[in-house]
Amino acid sequence: MNKKAPRTTPQKRTPKAHAHTARSTKKLMTSLSSLFISVQYEEIDEMVKSTLSLIGEFLEADRSYIFEFNDDRTLMDNTHEWCREGIEPQIDFLKGLPTDMFPFLIERIQGNETLMIPRISELPPEAAAEKDVLEAQNIKSLIIIPLASGKSSFGYIGLDAVAKEMVWGNDTAPALTFAGGIIANALQRQRAEKCIHAELDLAIRLNASTSFHETLRFCLEAAISVSGMDCGGIYLFNKERQELSLTYQIGFSDEFVRKEGLYPADSKQFKLILAGKPVYHHYRNTSSADRESVRREQLLAISIIPITSKGEVIGNLNVASHTLYQVPEYSRKALESVTAHIGAAIMQARHQEEIAAARSNFELLFDTIDDLLFIVDKEGKVIHTNETTQKRLGYSAEEIHGRHVLDFHPTDQRDEAKANVEAMLTGKGDTCRVPLQTAEGTLIPVETRITAAKLNNQPVLFGISRDISERLLSEQSLTESEQRFRQLTDNLPLPLFEINTEGIVTYGNKKSSEVFGYTPEEFADSFSIFRIAIPEEAQKAQKNMAIMARGERSSNNHEYTAIRKDGTTFPLVLYSSSIITNGRFSGVRGVSVDLTDVKKAEETIRNMAIKERMVREFQTLIDNIPGAVYRINEEGKTTILSMVKEFLADFSKEEFEAGLFESMELIHPEDRHMVEHSNRTIGKTTASATLTYRIVSRRGAFRWVEDRRTPAFSSKGEFSGIDGILFNITRRVKTQEEKDALESRLRNTQRLETIGTLAGGIAHDFNNILTPMLGYAEMGLSSLAEEDPLHDYFNEIIHAAERAKNLVGQVLTFSRAQESQPTTVHIPTIIEEALKLLRPSIPATITIQRDIDAAARNILADPSQIHQVIVNLAANAFQAMEESGGILSIKLHEMVPDRQLRHLLPTLQKVTHIHLSITDTGKGMDEATLERILSLSSPPNRSTKEPASDCRWSMESLPATRERLQLKAHREKEQPFMSISL
């Protein structure tokens, strides 16, 4: 206690009073000692507050508090406070007080003197500054207890009496000194343990860190915690850019981060940090203090500590305070201790993040592949898979990893899978076709390839399994298509068979069994086709087959005498064609026609109906392919004759009949107009039509169908309805595999060519039959008088024969056996039909503009050739605009060439012509191409197409058309047009 300090002389107390005070003081000291026994450092602040409360209550003070000095003892902060009820706390206002405001008191505190001042008014003159401040706060009595660490004071405990003056006895001084020592030790311990716990906690958190960003956060939070600061940031050095950038921060404003987030190499901050020494400042003393953003941030104390790794500066740790004016000395040591761990932690976290990023990129690439990928260790256990594998197999990654790769194959096929893998590893095999089995037990058909490699210096196997379901579906579709073809041929009214190169029957339809008397099982048991020919003609049949095998003829038609199983014989004509597989002759396909009835028909008119029925049935066979066959009568009522499974899956026969062409509710709304128009107009010509549109099921799913329809006419030539067949072409429309589509079309073409060849042969034979019949009928008619009753009969025979002749002509035209004859043609109708054909294949980016004179007169031409010309020109035009889009314009009108046009084209006469113009907004043709526009030897490509496209005008396929129609190529506003003479 300071002897010089003024104090009130205590009143004399009785021995009993002294004894009571001594007991109270001892009790206080005991209470203080018990408060800090085994207390944790986190609880020290609360214990200090409890101590202030005990001392205040014991000394009957109104306020007890603690002030702590900064390191140079120029400022002090009120850190703890207790106030009696009714006394207003002051702790929030007493921060950063200059110590030079209290020179008298500070001098004695630094001398570790305990001051007891019962009356502030009696302070000596040298304490005038303190007296003014204390009296302004209405403090009447004061006790000061220094807080010392060793011989140096770092603060003091103060007790104020505000309500009244207090006189404290000298016997309380030991208790106060004791309390000061306890609190000083507790605060020093708190600082030390706080640093130790912060470092331990940081080490634990860094060990559990999962990302670079999290590592930075843990480091910065630890630094702020041990320093007592309230904000900070970590700057990292970018060697490539030679700059320091703020990578993580806590407590800074957005404006401060924007302005102070980057320090280039020429900045003072950059050079200061790379110097490698810690810096502790008031912020106003830094090089950034003059910036507006810094002034607005109102930072006070700041520490800048370099972060090093292996002796090299990699960044710096900045922690600052908006309330503290100086970084405390104990905080500096704690900061430097924490920062020593940060460099290694950051480099390790950065390295781990780079590894994680590389791994993530690999796994991202791994997971973006649609195939099933897996990596197997040397024991055959799966160590990694992609997401596709997990989703397709129905297992989580944890469920897959660690299991043997063969566990995902069916049990009964695992030996086969193992053998395939070993064959691939030894170079004796390419793939494994054993399916994979999902968690639910379903099988996924796959094609697996295995490659040996190393991963993390360990031998592994990389495997990729590709789902071949679509491929198998395509193969199945091909098989089903073949089956449908077989079903169709089984229903043929004619025997049909296929034989191999040895003459062994590989297929025979039901009619074959009926006609020849052999069962299907007998045909399937290495049956030689030559057994059904009489012995005298067997050699002839073998010779004809040898000719086809050598490729000298691809088809044959010969008459034979066939022999049935029961030994009876009958005449037949055999129409046969070669079966070509992979470019090689692999057998013969043939259809036989029993000529027994035909020969009888030559003798009697009654049998003429049989021949007509045969022709109609064969025509129906040509026009129909497996699908939903329908008939619409003249009243518009639909009858479904047959339906395939593909349609029955979504529609019933009754739904088709009621909702397809009658109410049209099954037809997509956008396609109904096209179908309605066809229904109205198809009976105006004898031409067949092919429509492509969508039908919608009750569930909302739609299918694409191809509707091949033909008008039906009565014997009097009156339109009697529509016969047609619907093909499900959904898969063909949606498929993206051009190869499968081309192969499908090739197979269809081969079949139609075969049927066409057969049709041509039969038609020729029918012509041979009809010729004598028609001749004899005409001779009989000429020998009779008109009034003779037989005259009308012979006349009817001639009419019937003429109709049969026309029907045979249609068959010959189809089989290209003879040249078609020009007929009266209405060009607008053909244009309309051609556009209907083209519209589905023209992209939506191309607009079709039509200017068609519907009143244009008819011309004499082949309608199919006119149709082909229009389709080729229009197709070439829209292909020229396929990428850029544009306008396809078609114009038709009658015109009389003027003098200028006749001068340009001398062959034109001054008569009425049909002028057809097909133009587009593509790039057009250069002069050299235009000169060869109608060249038969070198047809041009459009200049807008790539050379490999081979999209030609296709005039080379229509030499007769060009001559007959007098096609002329002109340049009209840099576009070609065609004129046709009436």
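Student: Over which ring does the charged end of K540 sit?
Tutor: In this predicted model, the charged end of K540 sits over the ring of Y560, at 4.8 Å from its centre. Such a contact requires NZ of Lys or CZ of Arg within 6 Å of the ring centre and within 35 degrees of the ring normal.

Student: And what lies over the face of Y395?
Tutor: That residue is R403, which is 5.1 Å from the ring centre of Y395.

Student: Changing topic, how many aromatic pairs are there?
Tutor: The search of the whole structure finds 14 aromatic pairs (Phe, Tyr or Trp rings, the six-membered one for Trp, with centres within 6.5 Å; planes under 30 degrees apart are stacked, over 60 edge-to-face, the rest tilted). Y65 and F67 form an edge-to-face pair, with 5.8 Å between centres and 90 degrees between planes.

Student: Are Y65 and F67 buried or exposed?
Tutor: Both Y65 and F67 are buried (under 20% relative accessible area; exposed is over 50%, with partly exposed in between, using a 1.4 Å probe and protein chains only).

Student: Which residues do ring pairs link into a cluster with Y65?
Tutor: Ring pairs link Y65 with F67, F69 and Y156 in that cluster.

Student: What about F651 and F656, how are they paired?
Tutor: F651 and F656 form a tilted pair, 5.2 Å centre to centre and with 45 degrees between the planes.

Student: Why does F656 count as buried?
Tutor: F656 counts as buried because its relative accessible area is 0%. F651 is buried too, at 3%.

Note on methods
Residues numbered from 1 in each chain as written. Predicted model: local features only at pLDDT ≥ 70, side-chain atom pairs only at ≥ 80, totals over all residues. Heavy atoms only, no water.
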